[in-house]
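Take a walk through this structure, one packing contact at a time. Keep the view open as you read.

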Amino acid sequence: MVSRSYSNLLDLTSGDSLTFGREKKRFPRVATVAGVLSELDDDTSNNSVGSDAPSSISQDRMIIVGNQLPLRAHRSDDGEWCFSWDEDSLLLQLKDGLGEDVEVIYIGCLKEEIDPSEQDDVAQTLLDTFKCVPAFLPLGLFSKFYHGFCKQHLWPLFHYMLPLSPDLGGRFDRSLWQAYVSVNKIFADKVMEVISPDEDFVWVHDYHLMVLPTFLRKRFNRLRLGFFLHSPFPSSEIYRTLPVRDELLRALLNSDLIGFHTFDYARHFLSCCSRMLGLSYQSKRGYIGLEYYGRTVSIKILPVGIHIGQLQSVLDLPETETKVAELRDQFKGKTVLLGVDDMDIFKGISLKLLAMEQLLIQHPDKRGKVVLIQIANPARGRGKDVLEVQLETDATVKRINETFGKQGYSPVVLIDTPLQFYERIAYYVIAECCLVTAVRDGMNLIPYEYIICRQGNEKLNETLGLNLTTPKKSMLVVSEFIGCSPSLSGAIRVNPWNIDAVAEAMDSALIIPEGEKQLRHEKHYRYVSTHDVAYWARSFLQDLERACKDHMRRRCWGIGFGLGFRVIALDPNFRKLSVEHIVSAYKRTKCRAILLDYDGAMMLPGSIITTPNTEAIGILNSLCNDPRNVVFLVSGKERKTLTEWFSSCGKLGIAAEHGYFVRSNHNTDWETCVSVPDFDWKQIAEPVMQLYTETTDGSNIEAKESALVWNYQYADPDFGFCQAKELLDHLESVLANEPVSVKSGQHVVEVKPQGVHKGLVAERLLLTMKQKAMLPDFVLCIGDDRSDEDMFEVIMSARDSLSPVSEVFACTVGRKPSKAKYFLEDTTEIVRMLQVLANASEQAARNTAQPSQRVVIVENRWFGSVHLSYPSAGHLGCKGYKREGMCDNEGKKKLKYENYNANEMNAYQSLSKYVDVSSTHATGLLS
């Protein structure tokens with residue numbers, strides 16, 4: 001089941017389609033020549049499609065893309081490559097949660113380097129045997145991609161380490177970024193080789209492939225695409241230092257679902273989108289979503305789990321039982337504390353060792369009784385940082401053991417050689433407490449594994465001499481900076497930088513009563529056993545299906561170049577307003593109603609200058625001077641301000657303060673749409689707003705005649721939004737018994753009399769026109785925010801007040817959920833469209849004032865036709881249908897014309913010296 005779209009033209013020439021497990025087909029090989037692809041070098045950039053032809057196979061399929069394939073590889077004695085599943089790989093384990101009916105294809109790199117001459121055979125073997133598609137990367141490109149950009153830039157930054165000096169991660173290197181983009185492009189090509197976009201799901205994993213969603217979305221606009229970040233996402237203050245910050249954010253937003261381990265990571269991502277891209281998010285019925293060019297990008301918060309079945313199978317191994325017995329005897333009479341960490345700068349191994357040293361200093365009674373076993377796994381990265389951590393760890397362990405050790409007792413046991421999985425499991429089983437003191441970590445599943453192993457089984461209970469009916473127990477001391485910390489409510493959380501606090505936590509974990517240890521273990525075991533990796537994968541897939549359910553219903557097209565590419569998705573009934581279409585309707589209609597929101601439709605959003613310019617004034621005057629138009633400007637501003645600004649627009653109707661004040665033109669008085677007895681409520685609301693203004697830098701109060709508005713447009717986005725929510729609740733509480741409504745809008749919280757909204761202006765206008773027997777056959781309403789939706793609703797449902805053949809144009813600014821049927825991109829497009837309408841009105845006025853030349857044709861039976869050009873009459877053809885008479889002495893035919901149009905009198909009078917207009921019957925017709 002493969003797409004008919006290929007990135008490799010050789011596949012097209014072969015005429016064969018690629019199938020899995022049915023037909024042997026040489027699998028196309030990826031780029032193997034060293035070099036860097038430009039981020040704009042994408043030959044499919046102008047060929048975005050929504051989907052390919054559907055496959056005949058209906059089975060769901062998941063394409064899982066990660067940096068590495070879940071495979072182990074080694075050469076056999078005869079030199080052939082041998083491959084097997086890597087049971088420790090999360091990508092392999094999550095398959096259990098996808099269901100047996102879901103076919104899984106893996107795309108990624110191999111851990112071993114494959115000679116170019118062997119790559120075709122290896123690729124075909126992996127495809128046929130494991131359904132894995134390898135991406136073979138040239139060694140130089142891979143080094144720049146992985147050890148360069150990933151490990152020198154992204155990984156340190158995501159763990160809150162800024163490159164303040166060349167020794168701390170290094171300065172930003174543009175060539176490493178280009179290598180990163182190139183590798184992501186290669187991965188995209190591999191996905192395109194196997195994908196059936198109408199049926200497949202694509203799940204991309206981790207920070208190595210953050211721009212991959214853009215390449216995939218560019219090729220398949222309706223692709224069902226999820227992304228999960230397994231590392232932390234830093235706060236905006238840290239992330240904003242990255243030179244390619246916008247590119248990475250926009251690339252991630254080309255996914256349908258973005259997953260994070262914790263709410264903190266998701267919150268930081270949303271904050272970055274808000275501060276750097278101006279995007280706001282909404283939470284609805286438990287789901288968080290970002291509106292991005294008409295698409296809703298969903299946010300998933302769920303920590304990954306472990307594969308419990310794999311752990312239990314290892315616990316059942318005889319080797320595990322033997323190792324547990326060995327460790328039991330080795331540490332008999334001692335309490336074991338256990339740490340399992342990678343040897344890198346963020347795992348906090350040295351901090352843990354210092355806390356152990358402090359524990360032995362502060363509690364001499366623990367000497368000889370407590371042992372810290374530190375398992376140090378080989379670092380995934382390389383460089384001076386790793387070497388420094390190794391040297392510091394060795395030196396600290398040596399110092400502690402020399403200071404507090406004695407014959408037969410070493411306070412710290414450092415294991416820095418690779419262990420078999422069952423050996424690590426055995427250490428979990430015998431440890432009374434597990435310590436995780438990472439200073440920053442994405443998830444860290446060590447505590448989960450420890451809890452399952454402490455639950456044990458019958459054989460291990462016998463080995464340890466435990467009663468089968470005795471409740472199990474375990475203790476955890478975890479850093480508050482790791483992803484699993486929020487889910488382990490029974491653990492002792494610590495700040496790993498506070499050495500004394502960690503030491504006290506270690507002591508507390510040892511002296512807590514047995515019953516409490518059992519309760520904490522039971523609580524943790526219940527959570528970990530029900531939130532395993534299968535649950536995590538199943539939940540992610542369900543949310544991905546929900547996020548993609550409307551894909552085929554929406555109209556999609558792509559815009560932008562390179563990594564700025566994005567897809568616009570619109571409801572089938574919501575489309576961009578065609579200027580040609582509205583101008584055509586404008587020209588053929590005779591009674592028009594035009595409603596314009598000033599604040600967002602004619603004024604640039606965020607502009608400091610809010611006064612109308614000469615262009616806007618000219619457009620409004622041209623529209624108002626057309627006798628077929630009734631134009632109303634609707635605004636939230638005060639009537640005094642609007643009167644001053646639009647004093648030169650005599651025929652313009654204005655609604656101020658969202659419709660509370662209305663006047664039909666400059667010569668009429670202001671009227672109120674709603675009767676309000678008093679405004680005593682202002683004395684209650686204004687002090688409350690003043691309190692929030694004083695505590696929110698960048699906010700201000702706008703006092704109107706009918707309303708009070710708290711504006712936080714120039715405040716910190718996150719803090720302003722938080723304060724606005726608090727203010728809204730506060731005002732609703734103190735004004736509960738007042739006849740007012742409290743509403744939040746775009747960067748504002750407003751208090752106004754009940755029943756006041758912009759829809760009143762539309763209702764009033766249409767009712768007035770109806771009373772004057774002027775049923776509009778053209779209605780244009782333009783607005784940009786939530787307050788304008790009331791106008792849209794009124795005109796879309798006001799059929800009784802409109803002509804039966806009326807054309808209604810409700811238009812919002814920008815692509816967003818709206819009751820309007822049309823949209824235009826921004827204020828510039830709005831003004832341009834209004835200018836075209838104004839030009840049409842001016843042209844119609846000129847045509848009326850300057851009649852064109854007309855021709856009168858008089859047809860004569862005897863003499864043929866007499867032609868007369870008459871500049872003031874208009875084109876006229878007069879054919880004599882009943883003709884009588886004779887030539888006079890001068891040879892001129894005398895005719896009598898009747899039933900001619902009175903407007904053509906001037907033309908006929910000009911013919912009097914040739915034609916007797918009182919004698920002949922005829923009919924005058926426009927030619």
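The crossing of helices H10 and H15 is right-handed. (A crossing is right-handed if the near helix is turned clockwise from the far one by less than a right angle, and left-handed if anticlockwise; helices are DSSP runs of H or I with at least four residues, strands are E runs of at least two, and both are numbered from the N terminus.) This is a predicted model, in which local features need pLDDT of at least 70 and side-chain atom pairs count only at pLDDT 80 or more, while totals for chains, interfaces and linings use all residues. Residues are numbered from 1 along each chain as its sequence is written, and side-chain values use heavy atoms, with hydrogens and water left out.

Stay with that pair. H10 spans residues 308–315 and H15 spans residues 446–455. They pack at an angle of about 45°, with axes 10 Å apart. (Axes are lines fitted to C-alpha atoms, for helices over the stretch in contact; angles run from 0 to 180 degrees between N-to-C directions.) That makes H10 oblique to H15. (Under 35 degrees counts as roughly parallel, over 145 as roughly antiparallel, 65 to 115 as roughly perpendicular, and the rest as oblique.) Which residues meet? From H10 come Ile308, Leu311 and Leu315; from H15 come Glu449, Ile452 and Cys453. Contact means heavy atoms within 4.5 Å. By class, 5 of the residues in this contact are nonpolar, none is polar and 1 is charged. (Ala, Val, Leu, Ile, Met, Phe, Trp, Tyr, Cys and Pro count as nonpolar; Asp, Glu, Lys and Arg as charged; the others, Gly among them, as polar.)

Next, find H5 (residues 174–194) and H6 (residues 212–219). Their axes lie 8 Å apart, at an angle of about 45°. H5 and H6 are therefore oblique to each other. Their crossing is right-handed. H5 contributes Val181, Asn184, Lys185, Phe187, Ala188, Val191 and Met192, and H6 contributes Leu212, Phe215, Leu216 and Arg219. That contact has 8 nonpolar, 1 polar and 2 charged residues.

H24 (residues 682–695) and H25 (residues 717–734) cross at roughly 160°, and their axes come within 10 Å. H24 and H25 are therefore roughly antiparallel to each other. This crossing too is right-handed. Among the residues that meet are Val688 and Tyr692 in H24, and Leu727 and Leu731 in H25. The contact holds 9 nonpolar, 3 polar and 1 charged residues.

Now turn to the strands. An open sheet has 9 of them, in the order S5-S4-S1-S6-S7-S8-S11-S10-S9, with mixed pairing. (Two strands pair if DSSP finds at least two bridges between them.) S5 (132–134) and S9 (281–284) are the edge strands, each pairing on one side only. From one strand to the next, the twist averages 25°. Within the sheet, S7 (residues 224–228) and S8 (residues 257–260) pair in the parallel sense over 3 bridges. Phe227 stands opposite Ile258 in S8. S9 and S10 (residues 287–292) run antiparallel, joined by 4 bridges. There, Gln282 stands opposite Gly289 in S10. The two strands S9 and S10 form a hairpin with 2 residues between them. In its turn, Arg285 has a positive phi of about 55°.

How confident is the predictor? The mean pLDDT is 84, and 84% of residues reach 70 or more. (pLDDT is the predictor's confidence in each residue, from 0 to 100.) It stays under 50 over residues 1–58 and over residues 853–927.
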